[in-house]
Amino acid sequence: MTSPLLWFLNRGTGVVLLVVFTLTTVLGVLATGRATSAWWPRFVTQGLHRTLSALSVLLLLAHAVVAVVDEFVDIRWWQVVVPFGGTYRPLWLGLGALSLDLSALLVATSLTRRWVSHRAWVLVHRSAYLAWLLGVVHGIGIGTDTSRSWLAVTDLACLALVGLVAAARGVAVSRGLRARRRHVGGGSAPAGDPWRAAAGELT
């Protein structure tokens with residue numbers, strides 16, 4: 001089965017997913033920084049992050065289902081979850097499958113979080129950055145609109161936005177670790193758990 005509607009749905013869900021997944025990733029980085037203000041409490045960042053995460057999962061499922069249903073290109077159902085053996089642009093399709101697999105792992109560990117150790121959950125949750133990056137590269141490689149200027153600008157904006165907040169977060173963590181070493185060297189320890197605070201963990 002194929003139709004222009006399915007083709008547009010495939011492209012549309014892919015582009016919207018790119019934007020929503022990027023915003024989810026940015027909010028995830030900001031949430032680990034535990035930054036708050038009077039007009040933007042931390043729970044707002046966390047709430048938006050979780051809401052957009054759920055929306056990203058729905059868009060990802062819709063994008064994968066439409067890609068399989070639309071027979072304009074040969075993508076079998078198993079090729080959206082197995083990252084090798086694809087017949088249509090196998091490298092880029094495989095990267096998309098890896099992104100979907102990592103996203104599924106994130107959802108599974110989040111839904112069963114009460115039975116998963118905190119350390120394991122944090123470790124798995126950090127793979128969201130890799131899932132996002134794989135998704136972006138998948139879209140650039142397999143997308144039929146990649147050469148269009150509006151999508152090139154969107155791709156670059158998404159990459160720049162995540163890169164900027166990740167770099168800012170890296171600087172903050174580095175400063176926290178240096179402060180920890182100064183406290184340890186001075187013989188006094190700061191209140192709380194600065195190592196954990198410096199690393200940042202989304203709760």
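Predicted model: local features only at pLDDT ≥ 70, side-chain atom pairs only at ≥ 80, totals over all residues.
**View 1. Helices α1 and α2 pack against each other.** Helix α1 covers residues 4-32, and helix α2 covers residues 42-69. Their axes lie 8 Å apart. The packing angle is about 155°. Angles over 145 degrees count as roughly antiparallel, so α1 is roughly antiparallel to α2. The crossing of α1 past α2 is left-handed. Which kinds of residue make up the contact of α1 with α2? There are 19 nonpolar residues, 11 polar and 1 charged.

**View 2. Helix α5 spans residues 128-142.** This helix has 15 residues. From its first C-alpha to its last, α5 reaches 21 Å. That is close to the 21 Å expected at 1.5 Å a residue. Which residues of α5 are buried? They are Ala 128, Ala 131, Trp 132, Leu 134, Val 136, His 138, Gly 141 and Ile 142.

**View 3. Val 162 sits in helix α6.** Helix α6 runs over residues 149-185. Is Val 162 buried or exposed? Its relative accessibility is 8%. Buried means under 20%, so Val 162 counts as buried. Thr 24 and Val 162 are 138 residues apart along the chain. Their C-alpha atoms are separated by 9.9 Å.

How values were computed. Residues numbered from 1 in each chain as written. Heavy atoms only, no water. Axes fitted to C-alpha atoms, helices over the stretch in contact; angles between N-to-C directions. Helix = DSSP H or I, 4+ residues; strand = E, 2+ residues; numbered from the N terminus. Parallel < 35°, antiparallel > 145°, perpendicular 65-115°, else oblique. Left-handed = near helix turned anticlockwise from the far one by under 90°. Nonpolar A, V, L, I, M, F, W, Y, C, P; charged D, E, K, R; others polar. Expected span 1.5 Å × (residues − 1). Buried < 20%, exposed > 50% of the residue type's maximum accessible area, 1.4 Å probe, protein only.
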